[in-house]
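Subject: Structure for you to look at

Hello,

Here is the structure I said I would pass on, with notes on what turned up in it. Please read the notes with the model open beside them.

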Amino acid sequence: MNADAGLAPYAAHAAASRGRIHPEPAASPRSDFQRDRDRIVHSTAFRRLEYKTQVFVNHEGDLFRTRLTHSLEVAQIARTLARSLDVNEDLVEAIALAHDLGHTPFGHAGQDALNECMRAYGGFEHNLQSLRVVDELEERYAAFDGLNLCFETREGILKHCSLDNARRLGPLGERFLLRRQPSVEAQIANLADEIAYNNHDVDDGLRSGLLTEADLRGVALFQRHLRATEARYPDAAPRARIQETIRAMINEVVTDLIEATGAALAAARPRHPDD
């Protein structure tokens, strides 16, 4: 089976991967990007996301999202985008599942606190920590430290990086120094992350009572779909009404992204991933 069949010319092809730090034989019948995804799912760091905060800490209830459920939701959205744009769904999924592996407990407050503690040592960047997890900290293989992922997966995980740290990363840091974009797949995973948390944080905020529908009066996307849901389902229970609204919001932004990106790609006509 050819995992690259049907991909656009600007997609990342597993057969043309820039490879791993430690060369390994092929894992047939899986492609290299499928192998990366599987290694991420089976990693200790991925399981630990269950107890890392998205918005609410774990003990506040099992109705709220954690970093683990958030990562799964990002992967689901990212796969839809990748499939619709004829790019590498396996690579997109691997990046999406791994993008928060190095995030701190207690959300961004935890990240800020750790950054302050580590200021004398260069600070703390959670994207760089995600890379460190997959490159060094995971202990699953006798032949090497880390998960030994493909260059393209590692590039997508490293969404942000300071210039000082980029200079230490060799080829992986070059794009930050040269101000180039990563693969289309990495960009899709990044956008899927934003779509997931912007919509699902609203859902969790409303469920918890920290947000009310009145608080969202100025959010046009929410109000438009809330009014449409109320008109279509006037007798719906409050929770069902909110779920329908969130679902419609996600559908609108995903559809818009696919249409706008498809039009931009058709106009630019890229013939290679580097384009």
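Some terms come first. An axis here is a line fitted to C-alpha atoms, for helices over the stretch in contact, and angles run from 0 to 180 degrees between N-to-C directions. Helices (H or I, at least four residues) and strands (E, at least two) are DSSP runs, numbered from the N terminus. The model is predicted: local features need pLDDT of at least 70 and side-chain atom pairs count only at pLDDT 80 or more, while totals for chains, interfaces and linings use all residues. Residues are numbered from 1 along each chain as its sequence is written, and side-chain values use heavy atoms, with hydrogens and water left out.

Helix α4 and its packing

Helix α4 covers residues 89–98 and helix α10 covers residues 184–208; their axes come within 9 Å and cross at roughly 45 degrees. The two helices are therefore oblique to each other (under 35 degrees counts as roughly parallel, over 145 as roughly antiparallel, 65 to 115 as roughly perpendicular, and the rest as oblique). On the α4 side the contact (heavy atoms within 4.5 Å) uses Leu91, Val92, Ile95 and Ala96, and on the α10 side Glu185, Ala186, Ile188 and Ala189. By type, the residues of this contact are 7 nonpolar, no polar and 1 charged. For that count, Ala, Val, Leu, Ile, Met, Phe, Trp, Tyr, Cys and Pro are nonpolar, Asp, Glu, Lys and Arg are charged, and the others, Gly among them, are polar.

How many of the residues of α4 are buried? The count is 10 of the 10, so α4 is largely enclosed by the rest of the structure. Buried means under 20% relative accessible area, exposed means over 50%, and partly exposed lies in between (1.4 Å probe, protein chains only). The buried residues of α4 include Glu89, Asp90 and Glu93. Among the elements that cover them are α1 (32–41), α2 (44–48), α3 (67–84), α6 (126–137), α7 (151–157) and α10. At the N-terminal end, Asn88 caps α4, with a side-chain oxygen 3.1 Å from the backbone nitrogen of Asp90. That is a polar contact, which is a pair of N or O atoms within 3.5 Å; within protein, one must be able to donate a hydrogen and the other to accept it, and residues adjacent in sequence count only if both atoms are side-chain atoms.

Helices α11 and α12

The axes of α11 and α12 come within 9 Å and cross at roughly 125 degrees. These helices are therefore oblique to each other, and α11 passes α12 in a right-handed crossing. Residues making the contact include Leu221, Phe222 and His225 of α11 and Ile242, Ala248 and Met249 of α12. The contact of α11 with α12 divides into 7 nonpolar, 3 polar and 5 charged residues.

Thr229 is in helix α11 (residues 220–232) and is buried, with a relative accessible area of 8%. The Thr229 side chain reaches the backbone oxygen of His225 at 2.8 Å. Apart from neighbours within four places in sequence, Thr229 is in contact with Arg241, Glu244 and Thr245.

Asn199 lies in α10 and is buried at 4% relative accessibility. The side chain of Asn199 reaches the backbone oxygen of Ile195 at 2.8 Å. Apart from neighbours within four places in sequence, Asn199 touches Ile246, Met249, Ile250 and Val253.

Backbone points to check

Ser28 and Pro29 are joined by a cis peptide bond, with omega about 15 degrees; Pro29 lies in the segment before α1.

Asn148 is in the loop between α6 and α7 and is buried at 4% relative accessibility. Arg269 is not a glycine either, and has a positive phi of about 50 degrees. Arg269 lies in the segment after α12 (238–268) and counts as exposed at 66% relative accessibility.

Regards

Terms used:
Left-handed = near helix turned anticlockwise from the far one by under 90°.
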